[in-house]
There are 2 protein chains.
Amino acid sequence: MDPDAVIEAGVVELAAQVRAGRATACDAVAVYLDRIARHGAALNAFLAVAADPARVVAEALDRPRRDGAPLGPLAGVPLAIKDNLDVAGLAATAGIGALRGRTPERDAACVARLRQADAVLLGKTNMDEAAFGAANDNPHFGRCHNPHRPDCTPGGSSGGSAAAVAAGLAAAALGSDTLGSVRIPASYCGCVGYKPTRGSVPVGGLMPLCRSLDEVGVLARSVADCAAVFDAIRDPVSRAAGALRPELAGMSVGVVGGLDVEPEIAAATDRTATALAACGCTVSRCALEGIDLARVRRAGLLVTEAEGALVHAQLLADPASGISQALRDGLGYGAAQTRERVAQAWELLRDASRRLDSLFASFALLLLPTTPQTAFPFGSPVPASQAELTVLANAGGFPAISVPAGWSSGALPLGIQLIGARGSDALVLAAGAACERALGAFPPAMLRA
Amino acid sequence: MDPDAVIEAGVVELAAQVRAGRATACDAVAVYLDRIARHGAALNAFLAVAADPARVVAEALDRPRRDGAPLGPLAGVPLAIKDNLDVAGLAATAGIGALRGRTPERDAACVARLRQADAVLLGKTNMDEAAFGAANDNPHFGRCHNPHRPDCTPGGSSGGSAAAVAAGLAAAALGSDTLGSVRIPASYCGCVGYKPTRGSVPVGGLMPLCRSLDEVGVLARSVADCAAVFDAIRDPVSRAAGALRPELAGMSVGVVGGLDVEPEIAAATDRTATALAACGCTVSRCALEGIDLARVRRAGLLVTEAEGALVHAQLLADPASGISQALRDGLGYGAAQTRERVAQAWELLRDASRRLDSLFASFALLLLPTTPQTAFPFGSPVPASQAELTVLANAGGFPAISVPAGWSSGALPLGIQLIGARGSDALVLAAGAACERALGAFPPAMLRA
């Protein structure tokens with residue numbers, strides 16, 4: 001396969017070619033390492049590139065197997081891993097300067113599953129410090145740039161994973177999502193981001209921020225590629241419920257109205273609604289009655305700060321730990337909250353979750369934008385509302401996907417979001433794929449460079 | 001409170017007394033440490049007792065709080081932790097001799113939540129080596145005895161937790177459940193054992209055996225106590241679904257027929273069915289059609305051995321690691337399986353899970369025995385069928401509870417099991433409490449000694 005074809009093949013098609021002997025893992029790795037060598041430094045998407053280990057793994061995959069066993073579902077597919085997920089033998093800092101030199105001995109559970117599926121791990125991606133934030137302007141390792149527009153944020157906290165995927169520096173990537181940290185950068189970078197039903201991907205080996213909300217998610221250039229990586233890392237037990245192929249015709253989709261978003265994003269959502277109606281879905285307007293999104297977002301942030309203060313108690317207690325003032329302020333605020341105040345925040349999150357449960361009695365899926373705004377330039381104020389549309393899925397453990405939905409007039413990616421009831425991962429992915437077919441793909445210029 | 005009253009108060013009542021200032025955490029800890037001093041060695045339920053740290057924590061809880069903040073829901077309640085769950089500063093071997101001296105720096109996520117709830121941690125409990133097995137005849141740390149009958153197994157792999165709870169050496173305990181490892185020892189020891197919906201309790205800091213099936217569970221002397229501990233460790237997100245108080249009247253219960261169990265256990269199940277009918281439940285017979293329990297159990301064992309071989313690859317590769325021949329054989333068998341063979345086992349587990357999903361369309365709960373047999377003497381052959389009735393809940397991630405249901409003619413505890421649909425934790429616990437009220441409690445003689 002020529003290099004363009006390797007990138008074009010993404011995850012599913014590349015693995016099929018490697019399994020069929022029409023492509024090699026070594027060639028695939030060489031193509032991606034070459035692209036990292038050419039574009040990686042400019043984007044600063046990777047904190048560490050594991051070129052030699054990746055080549056060794058690829059060579060082993062390309063060798064004829066003595067037992068004749070077939071290769072796995074991600075055969076030879078080069079993937080990137082957010083730096084808060086442990087990869088045995090690679091530094092894992094979670095974007096925290098004080099954790100330089102931390103090298104775990106074991107893979108995170110989801111990373112181990114990727115290896116079992118015969119994927120190849122290219123390296124660790126840039127992220128917000130401690131996964132706290134959504135701009136990926138990392139004070140220790142430098143900012144990661146948006147592949148559509150240098151000096152714009154890729155979003156965060158999984159910014160490096162989104163930028164690497166969108167720019168074709170990895171076939172797909174793992175991220176983590178506490179309040180929206182997979183879907184926000186996917187939306188800003190114009191790739192697909194998927195946060196599964198809570199509990200369906202193991203979080204062992206993920207550096208926690210807020211254990212009660214943290215989840216592992218997937219970023220890829222297509223919904224099918226996202227689904228394939230999710231399938232490799234998901235709990236086998238959770239697969240039972242979603243085994244059937246969902247039927248979109250007649251499915252009820254609620255388009256969430258009354259949101260305060262940029263007009264071009266609202267228009268992209270309306271286009272998506274029309275596309276889903278053309279697929280046979282029953283599309284109607286709905287409202288998030290009784291849900292104050294700004295309050296829900298603040299409640300999510302408060303429980304994150306309170307739990308994060310416990311997780312990072314040592315860094316917080318040590319004035320010389322070097323954590324940024326922003327992280328110190330956030331965690332310090334969390335540490336100062338009373339048990340009652342945190343309980344009130346949880347009650348608000350649970351109330352929102354129950355209201356969404358009620359909506360899922362009427363609608364199979366909810367359609368809304370992923371973010372209220374497109375990517376913004378570094379240096380301009382970070383909008384407080386970044387996670388206001390993503391936090392709901394974390395509060396309720398609902399599966400949610402961000403799918404590219406065209407360009408703004410400023411040529412920045414727009415993203416729409418689908419949220420489903422817990423356990424409806426197959427449905428969310430199928431509907432996401434239908435949107436993608438209707439809306440098209442929106443690659444950054446550098447994907448062809 | 002006098003010592004008997006402290007033991008009698010269990011979890012919920014003890015915490016209420018401590019919060020109300022009518023009992024102190026120090027007194028509660030002293031009562032339990034005294035019982036451990038008198039009975040612990042004979043039972044060998046604890047691998048480590050953290051007397052001094054427990055006293056320090058209790059003293060801090062009893063001190064007036066400067067900020068006037070109320071104590072947490074498990075205020076001053078002395079708990080025991082299975083040795084495969086990390087407690088910061090205490091040795092954590094998971095029953096594996098080679099891991100002597102392993103002392104984690106951080107609490108497991110669920111243990112951290114117990115501390116947040118103001119519980120006191122008494123120590124680490126005996127278990128089967130690597131949580132592989134259900135007899136708690138540990139080759140490195142010695143066997144744990146059944147408090148109802150010395151020289152009988154307490155069951156496993158959470159045998160030490162069950163024995164400690166049943167004998168009144170802890171108010172409640174955490175265990176882990178991969179194929180039945182919480183419910184089997186609860187049944188054998190005559191205490192309550194609860195395995196929640198998969199994903200509702202975080203597994204970070206649990207030494208894995210089979211990541212795809214491992215779950216954290218709770219053992220206590222009453223269902224209400226079990227529910228209180230579960231409430232403290234469960235994910236706040238999962239609490240939204242179960243917030244309502246379930247109504248038992250009119251609820252449909254399927255009594256699983258056609259099982260090969262000891263006649264006294266079948267009779268106890270029938271008595272429980274009658275009791276639930278008296279509570280207003282609609283009780284009818286049902287069959288596990290298309291489910292071959294022995295095959296499901298073997299499939300669960302195979303995937304456990306295959307994943308366990310990866311987790312413990314270093315111990316398996318090192319001939320001098322000192323792991324028992326039984327563990328070496330089991331993990332070696334797992335390591336030798338092809339990807340296809342493991343995939344077939346998963347397909348069988350998922351098929352069983354889907355068949356239970358279908359039953360849950362007709363029945364809110366399934367009632368069946370926990371184990372086909374009562375506790376057996378050490379030295380007699382371990383019945384292959386031990387986990388045959390518990391594995392289903394692991395295969396599907398269903399919540400399941402074992403509740404004491406009287407005595408065998410040989411004066412050994414009998415246990416019944418309730419299984420619910422995923423997310424129906426509140427219902428399973430409420431129905432378990434109804435069974436307990438109808439059936440009574442069955443304390444071992446030594447609880448009063």
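Colleague: Which strands of chain A does helix 4 (residues 51-62) lie across?

Modeller: First, the conventions. This is a predicted model, in which local features need pLDDT of at least 70 and side-chain atom pairs count only at pLDDT 80 or more, while totals for chains, interfaces and linings use all residues. Residues are numbered from 1 along each chain as its sequence is written, and chains are lettered from A and ligands numbered from 1 in the order in which they are written. Helices (H or I, at least four residues) and strands (E, at least two) are DSSP runs, numbered from the N terminus. Helix 4 of chain A lies across strand 1, strand 2 (78-82) and strand 3 (120-125) of chain A, running at about 160° to strand 3. Axes are lines fitted to C-alpha atoms, for helices over the stretch in contact, and angles run from 0 to 180 degrees between N-to-C directions. Contact requires C-beta atoms, placed from the backbone, to lie within 7 Å.

Colleague: What is the strand order of the open sheet in chain A?

Modeller: Strands of a sheet pair through backbone hydrogen bonds, either parallel or antiparallel. Two strands pair if DSSP finds at least two bridges between them. In chain A, the open sheet of 11 strands has the order 1-3-2-6-8-7-12-13-11-9-10, with mixed pairing. Strand 1 (46-49) and strand 10 (282-286) of chain A are its edges, each pairing on one side only. The twist from one strand to the next averages 25°.

Colleague: How many bridges join strand 11 of chain A to strand 13 of chain A?

Modeller: Five bridges join strand 11 (residues 365-369) to strand 13 (residues 413-420) of chain A, and the two run antiparallel. Within strand 13 of chain A, A:Q417 stands opposite A:L368.

Colleague: At what angle do helix 10 and helix 16 of chain A pack?

Modeller: Helix 10 (residues 263-278) and helix 16 (residues 425-439) of chain A pack at about 105°, with axes 9 Å apart. Helix 10 of chain A is therefore roughly perpendicular to helix 16 of chain A, a label given to angles of 65 to 115 degrees. Among the residues making this contact are A:T272 and A:L276 of helix 10 and A:C435 of helix 16.

Colleague: How many residues of chain A are in contact with chain B?

Modeller: In this model, 29 residues of chain A contact 29 residues of chain B. Helix 14 of chain A gives the most to the side of chain A that touches chain B, with five residues.

Conventions. Contact = placed C-beta atoms within 7 Å. Parallel < 35°, antiparallel > 145°, perpendicular 65-115°, else oblique.
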